[in-house]
Amino acid sequence: MNTKSNVGSILEIRALKKYFAVTTGLIFQKVKGWIKAVDGVDFALYDGETFGLVGESGCGKTTTARMILFLEKPTAGTILFKGRDINSLEGSSFKDYRKSMQAIFQDPTSSLNPRQRVEKIVSEPMTAMSHLLKTTVKERVAEVLERVGLNPASASLYPHEFSGGQRQRIAIARALAPQPKCIVLDEPVSALDVSIRAQILNLLKELQDQFRLSYLIIAHDLAAVKYMSSRVGVMYLGKLVEVADSEELYSEPLHPYTQALLSAALPSHPDAQRGEIMLSGEVPSPLNPPAGCRFHPRCRYAKPLCCEAEPQLTEVTSGHQVACYLHTGP
């Protein structure tokens with residue numbers, strides 16, 4: 001659990017787990033095991049900040065986001081929004097949560113309905129707000145389109161009539177339309193040309209400052225996460241292994257996995273010295289994760305204790321947490 005005070009937190013994740021059953025048989029299915037996609041994750045997202053989640057494919061970061069968005073039901077654990085368990089929300093409280101929690105996905109081509117005009121796409125999240133007049137909705141659509149750098153007159157067009165960067169701006173406008181408090185950014189620029197990625201990231205930062213939005217960003221692009229994030233959490237095989245302020249994590253990573261992950265990233269400057277850390281072996285299966293520290297089979301510093309007891313995420317300096325016996329002791 002993040003030891004920072006929860007005053008001002010908009011979203012709090014406590015001991016979150018998601019297991020997927022592995023079954024045999026076509027008719028009389030029998031559960032033979034569980035894929036532990038997310039296995040006890042704790043973090044908080046504070047008002048107006050950006051929290052980044054990074055890690056290799058299959059580490060559980062997208063599954064975590066899907067549970068926050070109500071696209072997956074947790075196996076265990078709690079998701080608190082403004083101090084209330086989202087699984088207990090009903091009626092108007094549930095509608096308020098769905099309005100306040102929006103998402104921008106990786107590929108705008110697939111996330112936008114090709115049969116709908118832009119006006120319909122952008123206004124869709126506001127359909128739950130039944131008290132709004134049609135003229136008000138139309139005005140709001142024009143407002144958010146202009147705010148993301150698109151001509152309000154383009155509301156009558158279809159997604160295929162726009163470039164990739166413009167389609168992602170439409171997706172951003174759709175997320176902004178219901179005036180959310182938090183937006184999940186799932187690989188928001190990875191499907192875009194390199195030349196326009198910076199434009200979209202800068203737009204997202206401007207919108208955050210203007211509307212005091214909180215972002216949860218999930219990405220493989222470590223440079224984009226560093227640029228966007230106030231704090232970063234590193235996930236490995238369903239667990240958080242390190243959480244720290246962005247600048248500190250990138251300059252002084254403590255966990256051996258974080259060190260290897262950052263060493264493999266492209267340098268910020270062509271002349272920068274690189275000391276890439278090569279990891280041995282493959283990522284273990286989440287169906288049968290290793291005992292103790294899940295990273296120990298690939299860790300060059302592993303000792304007997306790492307194979308036996310699982311290290312807990314512990315604060316070692318102010319705001320810097322790590323799950324590694326190299327820094328927390330037995």
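**Salt bridges, burial and backbone angles**

Biologist: Why is Arg66 called partly exposed?

Modeller: In this predicted model, Arg66 has a relative accessibility of 34%. Buried means under 20% and exposed means over 50%, with partly exposed in between. Arg66, at 34%, therefore counts as partly exposed.

Biologist: What makes Arg66 and Glu72 a salt bridge?

Modeller: The N to O distance between their side chains is 3.5 Å. The cut-off is a side-chain nitrogen of Lys or Arg within 4 Å of a carboxyl oxygen of Asp or Glu. The pair meets that cut-off, so the contact between Arg66 and Glu72 is a salt bridge. The structure holds ten salt bridges.

Biologist: What makes Glu119 and Lys138 a salt bridge that ties parts of the chain together?

Modeller: Their closest N and O atoms are 3.3 Å apart, and the limit is 4 Å. Glu119 belongs to helix α4 (residues 118-123) and Lys138 to helix α5 (residues 134-147), so the bridge ties together parts 19 residues apart in sequence.

Biologist: Which residues do salt bridges with shared partners join into one network?

Modeller: The network consists of Lys18, Arg66 and Glu72.

Biologist: How do you know that the salt bridge of Glu56 and Arg298 links distant parts of the chain?

Modeller: The closest N and O atoms of Glu56 and Arg298 are 3.5 Å apart. The two residues are 242 residues apart in the chain. Glu56 sits in the loop between β3 (50-54) and α1 (61-68), and Arg298 in the loop between α10 (256-263) and α11 (304-308).

Biologist: Why is Met228 called buried?

Modeller: Met228 has 4% relative accessibility, and buried means under 20%. Met228 lies in helix α8 (residues 222-228) and touches residues including Thr50, Leu185, Leu201 and Tyr215. Gly52 is 176 residues from Met228 in sequence, with the two C-alpha atoms 8.0 Å apart in space.

Biologist: What makes Asp186 a buried charge without a salt bridge?

Modeller: Asp186 is buried, and the nearest side chain of opposite charge, that of Arg66, is 7.1 Å away. Asp186 is in strand β7 (residues 182-186), where the residues touching Asp186 include Thr62, Phe105 and Ile218.

Biologist: What makes the backbone angles of Lys82 and Leu237 worth a remark?

Modeller: Most residues other than glycine have a negative phi. Lys82 has a positive phi of about 55°, and the phi of Leu237, also positive, is near 50°. Lys82 lies in the loop between β4 (76-81) and β5 (84-85); Leu237 lies in the loop between β9 (231-236) and β10 (239-245).

Definitions and conventions: Residues are numbered from 1 along each chain as its sequence is written. This is a predicted model: local features need pLDDT of at least 70, side-chain atom pairs count only at pLDDT 80 or more; totals for chains, interfaces and linings use all residues. Side-chain values use heavy atoms; hydrogens and water are left out. Helices (H or I, at least four residues) and strands (E, at least two) are DSSP runs, numbered from the N terminus. Buried means under 20% relative accessible area, exposed over 50%, partly exposed in between (1.4 Å probe, protein chains only). Contact means heavy atoms within 4.5 Å. Lys and Arg count as positive and Asp and Glu as negative; His and the chain ends are not counted. Lists of a residue's contacts leave out its neighbours within four places in sequence.
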